[in-house]
Amino acid sequence: MKPLRALVVEDDPEDFMLVEHELRRGGFAPEMLRVETQEEMREALRGRDWDVILSDFRLPVFSAPEALRVLHETGLDIPLLIVSGTVGEQEGLEMMRAGARDYFPKDRIARLAAAVTRELAEAEARRARVRAEMERALLARVGEVLTAPMDFEQWLARLVRLPIPTLADCCAIFLCEEGDSLRLAALAHEKSEAERLEHEPRTRRSPEASIGPSHVLRTGQPELIADVAERQAQLTQDPAHQRFVSALGLRSALYVPLRGHPGALGVLALGTLGRRRLGREDLVMAQELARRVSLVLDNALLFQEMQDAVRLRDDFLTVAAHELRTPLTTLQLQLGALTQRARRDSAAPDFSERLERCQRQVRRLGTLVEALLDVSRLSSGQMLLQPERVDLGELVAEVVDRHAAEAQGARCEVRLEARPGLYGQWDRLRVDQAVSSLLSNALKFGSGQPVEVRVTGAGGVARVEVGDRGIGIPPEQLERIFERFERAVSSRSYGGLGLGLYLARRVAEAHGGHVWAQARPGGGAAFTLELPLESAEVHA
Amino acid sequence: MKARPLLVVDDDADLREAITDVLRDAGYEVIVASNGRNALEVLARSNPLPGLVLLDMMMPVLDGAGFLAEVRKHPQFAAVPVVVFSASASPNLQELGARGWVRKPVDLEALLEVVSQHALT
């Protein structure tokens with residue numbers, strides 16, 4: 001026997017019994033209610049769910065057309081069939097045009113049960129179609145929100161609005177926070193005033209809770225509470241759940257865990273009000289929703305973690321830079337002052353020369369410290385430039401000048417050939433750093449031989465070429481030497497951190513230029529730094 | 001009129017001493033402070049006011065930015081130029097309320113040049 005909830009609009013108790021008899025004969029175990037007036041029918045529709053409505057055509061104070069109107073007002077999809085001794089073919093067809101599903105004069109009542117079976121199947125199919133369409137539309141909207149670029153909190157607030165009113169009457173996202181607490185991160189409710197309810201956004205997770213968000217987090221299993229009122233006693237165990245339910249006046253609730261790479265991220269909660277109740281099919285949908293939300297939530301959290309790590313590293317680098325530079329400054333100034341005094345007081349002949357050597361080493365230490373700090377900063381993130389109008393020839397001449405002592409030490413004659421008037425919008429310090437590392441590199445590997453520096457410009461770009469006659473670079477190493485910590489030769493024979501060329505490349509790229517190395521015909525290597533010229537200079 | 005001294009503010013005693021030596025060698029009178037709070041006290045009892053403040057940015061008690069914010073509240077100090085030791089390649093001097101900057105490590109010549117450029121006599 002199939003259960004059937006039938007609402008019967010009928011004034012005659014005998015006809016009511018006849019209908020019941022027919023339904024039983026057709027294999028139903030009907031649960032029936034008889035109503036005679038508009039008010040009674042409204043009350044019955046408000047009070048509970050019905051599978052079918054069977055209506056007499058004419059009643060003393062009511063009628064089938066009025067019953068149909070009452071049903072349409074509720075918006076419910078319940079099949080209504082006319083069962084009446086007085087309904088003729090003409091009226092029957094008219095009623096079907098108005099929305100009745102079928103009509104049965106009393107002489108054809110034997111076919112009623114079969115018609116009810118058919119109507120139930122069709123109503124079920126209609127509901128499934130509507131449901132599928134609702135789910136498809138909801139997931140599409142969720143997809144739109146998940147991929148929209150927005151602030152994390154904004155994103156949560158938009159997300160909890162989406163399931164309302166199609167899937168549920170309210171929706172909330174609880175997120176796990178440090179120290180075992182749960183934060184009500186976003187809440188949307190059919191009645192917007194409920195969203196403004198005074199609530200403490202954080203609660204402790206309750207280890208004893210046998211239902212609710214804390215329980216779902218602990219078990220990792222979704223939870224459907226079809227009738228909240230029945231489980232009122234257990235609510236007190238989970239403060240988060242208690243607040244969610246009692247503040248909103250929920251009928252049913254559904255909790256699904258949100259999971260990501262660190263484990264539990266939080267809980268997605270859905271709730272209904274009034275007569276509506278969440279069921280098994282909503283559970284499947286909520287799980288799909290939770291899966292998609294978790295994915296994006298996980299990414300957002302990873303991104304946040306990464307940003308925190310970068311901030312931490314930057315803070316460390318700022319402190320490290322300050323700590324390393326302070327003693328270098330002291331040394332540099334003291335050595336400077338001592339050198340001056342040694343010269344002035346004509347101290348022992350090699351005294352000032354030794355002090356100068358000390359100064360050179362301190363400067364070198366300073367350069368290494370800067371390079372190390374630069375590389376740590378650049379390992380993740382972009383090089384920030386502070387462009388200004390720079391005369392390249394002048395800048396290169398300054399760099400060559402500054403390396404005079406180093407060149408002398410390496411027994412290299414530096415030949416500079418610079419075209420004047422090559423201007424660009426460049427970061428002076430960075431370009432200086434790039435040219436310095438090319439020159440240092442040439443002096444280091446081309447010792448004892450002349451080093452040629454040429455500054456040229458053509459076709460919108462300026463070039464600094466630094467050529468040496470040193471040991472050269474094997475062809476397979478020409479690219480690798482621009483990698484971090486890379487060098488073409490063993491680190492034992494030549495000093496340095498292997499960072500200069502890497503930094504030079506980063507500088508060039510940050511300016512939209514290039515740097516590359518070539519083997520020189522006749523031995524040695526040539527390095528070229530190419531930078532875009534100021535646009536006016538292209539035509540000059 | 002008495003010559004204006006230079007005020008050197010740095011929490012590192014050795015560096016303070018090194019800067020002081022260099023500036024004295026170059027003929028300046030130098031007074032020192034070990035942090036921003038200390039520097040404000042020194043300023044308050046200076047007569048005449050320093051011709052220049054050489055200011056470290058990272059210091060305990062009151063850092064360079066905090067010192068500059070305090071100085072802005074006292075109009076009588078507004079005329080004293082401040083040169084900061086900056087970690088960034090070109091700090092926003094206007095925002096800080098400073099006149100010039102030097103980057104650590106600075107060598108003797110560069111330091112003297114900045115000082116002579118900004119110091120009031």
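A:
**The sheet of chain A and beyond**

Chain A holds an open sheet of five strands, in the order S2-S1-S3-S4-S5, with parallel pairing. Two strands pair if DSSP finds at least two bridges between them. Strands are DSSP runs (E, at least two residues), helices are runs of H or I with at least four, and both are numbered from the N terminus. Strands of a sheet pair through backbone hydrogen bonds, either parallel or antiparallel.

The edges are strand S2 (28-35) and strand S5 (102-104) of chain A, each pairing on one side only. On average, neighbouring strands of this sheet are turned by 25° against each other, direction ignored.

This is a predicted model: local features need pLDDT of at least 70, side-chain atom pairs count only at pLDDT 80 or more, and totals for chains, interfaces and linings use all residues. Residues are numbered from 1 along each chain as its sequence is written, chains are lettered from A and ligands numbered from 1 in the order in which they are written, and side-chain values use heavy atoms, with hydrogens and water left out.

Now look at one pair. Strand S1 (residues 2-9) of chain A joins S2(A) in the parallel sense over eight bridges. Here Pro3(A) stands opposite Ala29(A) in S2(A). Helix H1 (residues 13-25) of chain A packs on the sheet. H1(A) touches S1, S2, strand S3 (52-55) and strand S4 (80-83) of chain A. Contact means heavy atoms within 4.5 Å. The direction of H1(A) makes about 160° with that of S2(A). Axes are lines fitted to C-alpha atoms, for helices over the stretch in contact, and angles run from 0 to 180 degrees between N-to-C directions.

Next, salt bridges. The rule asks for a side-chain nitrogen of Lys or Arg within 4 Å of a carboxyl oxygen of Asp or Glu. Over all chains the structure holds 47. One of them joins Glu153(A) to Arg183(A), with the closest N and O atoms 3.2 Å apart. Glu153(A) lies in helix H6 (residues 152-161) and Arg183(A) in strand S7 (residues 181-189) of chain A, so the pair ties together parts 30 residues apart in sequence.

Finally, the partner chain. 20 residues of chain B are in contact with 19 residues of chain A. Met58(B), Pro105(B) and Leu108(B) supply 28% of the area that chain B buries against chain A. Buried area is the accessible area (1.4 Å probe) that two parts lose on being put together, summed over both. Three salt bridges cross this interface. Arg103(B) forms a salt bridge with Glu370(A), the closest N and O atoms being 3.3 Å apart.
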